[in-house]
Amino acid sequence: MSPDTTAGASPVNQDVSLQVPAQAHLETHPGLSPDGGPSVTLSIWRGDPGGGAFVEYQMPAIEGEVVLDVVHRVQAGPAPDLACRWNCKAGKCGSCSAEINGKPGLMCMTRMDQLPQGVPVVVAPLRTFPVIRDLVTDVSFNYTMARQLPPFAPRPAGPDGIYRMMQIDVERGQEFRKCIECFMCQDVCHVIRDHEENKAFYAGPRMFIRYMELESHPLDTNDRRELIRRRTGLSLCNITKCCTEVCPEGIHITDNAIIPLKERVVDASYDPVAWLGRKILRRTKRSAAEAAADAPAFSSPTREDR
Ligand code: SF4
Ligand code: SF4
Ligand code: FES
């Protein structure tokens, strides 16, 4: 069971006072200054799929620290069994994402001195994904969704053996490839955050940028538009932009990926002019059926099947 730290409110822009758990208990680090020097308190969700609770850890304050530094000191002191995923400590691996005072954030990039002072900092696992233990969640849903569409299938290189692209196409793809797979955009997307049942047929914003990167690649030969319409739940996204607001890489998820992707899918299915154009002009991409053969892993029901 994932902890509900939001009390039914929007996952972002919440009153921090709402985040302080009522039944947390206090543990004091043995190294806490005996003279009552400055301290910080982390209220960390501890538990497993069976349930859990917030536990407070009061630690000496150290200038310049980020939340992950304090979590590491908690691990080194009062709670060596605290589970927490991290890798780079530089905002580049995406593995330390958590909900800090009710907002998704990278623990390694969230400075303690930029959070409200004098109250506990509440740290909880991403709510949208199943808890494994403490701050670690099972994000395999995202990898399952990544396999729902066929991968990049380039056309043959030119006679000189070189692939060529326009610079504008290179830059479009580079924006999407900045994704560090922190999955915070998935975490705030209301389509799956509050509706577990939608996960069976909704890929989410992180996957939509992947699909848009593939669909807009000038060298790719797969036409995935029908597959996107049937398999990814793109129509459930109502462009709230919550995903874009939390992206630590500043990717314009809705403007540059979701909206153009929706336009392409609608064109493919419902635009009679585009349909006629495809009939008259020579088809240069593999059909949806041909492309689907490259994604045999698909096993979930589509929205149309339900
Ligand atoms: S814009 Fe769409 S994908 Fe992004 S959070 Fe809103 S509903 Fe989800
Ligand atoms: S798109 Fe942004 S928020 Fe979403 S997983 Fe990638 S880096 Fe994280
Ligand atoms: S530890 Fe890699 S992004 Fe935070």
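The following legends describe close-up views of a predicted model.

Local features are reported at pLDDT of at least 70 and side-chain atom pairs at pLDDT 80 or more, while totals for chains, interfaces and linings use all residues. Residues are numbered from 1 along each chain as its sequence is written, and chains are lettered from A and ligands numbered from 1 in the order in which they are written.

**Figure 1. Overview of the chain.** The secondary structure comprises 11 helices and 8 strands, taken as DSSP runs (helices H or I, at least four residues; strands E, at least two) and numbered from the N terminus. Of the 306 residues, 38% are buried, that is, 20 or more other C-beta atoms lie within 10 Å of their own, with C-beta atoms placed from the backbone.

**Figure 2. Surroundings of ligand 1.** The shell contains 14 residues, of which Cys 189, Pro 205, Cys 237, Thr 240 and Cys 243 are the closest; a residue is included if its C-beta atom, placed from the backbone, lies within 6 Å of the ligand. Two or more residues come from each of α5 (190-193), α8 (242-246) and α9 (253-270). The shell has 9 nonpolar, 4 polar and 1 charged residues, where Ala, Val, Leu, Ile, Met, Phe, Trp, Tyr, Cys and Pro count as nonpolar, Asp, Glu, Lys and Arg as charged, and the others, Gly among them, as polar.

**Figure 3. Surroundings of ligand 2.** Among the 16 residues around ligand 2, the closest are Cys 179, Cys 182, Cys 185, Arg 206 and Cys 247. Helices α4 (184-188) and α6 (205-215) each give two or more residues to this shell. By class, 12 residues are nonpolar, 1 is polar and 3 are charged.

**Figure 4. The largest nonpolar core.** This core (buried Ala, Val, Leu, Ile, Met, Phe, Trp, Tyr and Cys residues joined through C-beta atoms within 7 Å) has 67 residues, and Val 67, Met 107, Val 123 and Phe 208 touch the most other members. Its largest share, 6 residues, comes from α6.

**Figure 5. Helix α1 and its cover.** In α1 (residues 67-76), the buried residues are Val 67, Leu 68, Val 70, Val 71, Arg 73 and Val 74. Their cover includes β2 (39-48), β3 (51-60), β4 (97-100) and β6 (121-124).

**Figure 6. Leu 106 in strand β5.** Leu 106 lies in β5 (residues 103-106) and counts as buried because it has 26 C-beta neighbours inside 10 Å. Beyond four places in sequence, Leu 106 is in contact (C-beta atoms, placed from the backbone, within 7 Å) with Gly 91, Cys 96, Ser 97, Cys 182 and Pro 248.

Notes: A residue is buried if 20 or more other C-beta atoms lie within 10 Å of its own, exposed if 12 or fewer, and partly exposed in between; C-beta atoms are placed from the backbone. Two residues are in contact if their C-beta atoms, placed from the backbone, lie within 7 Å.
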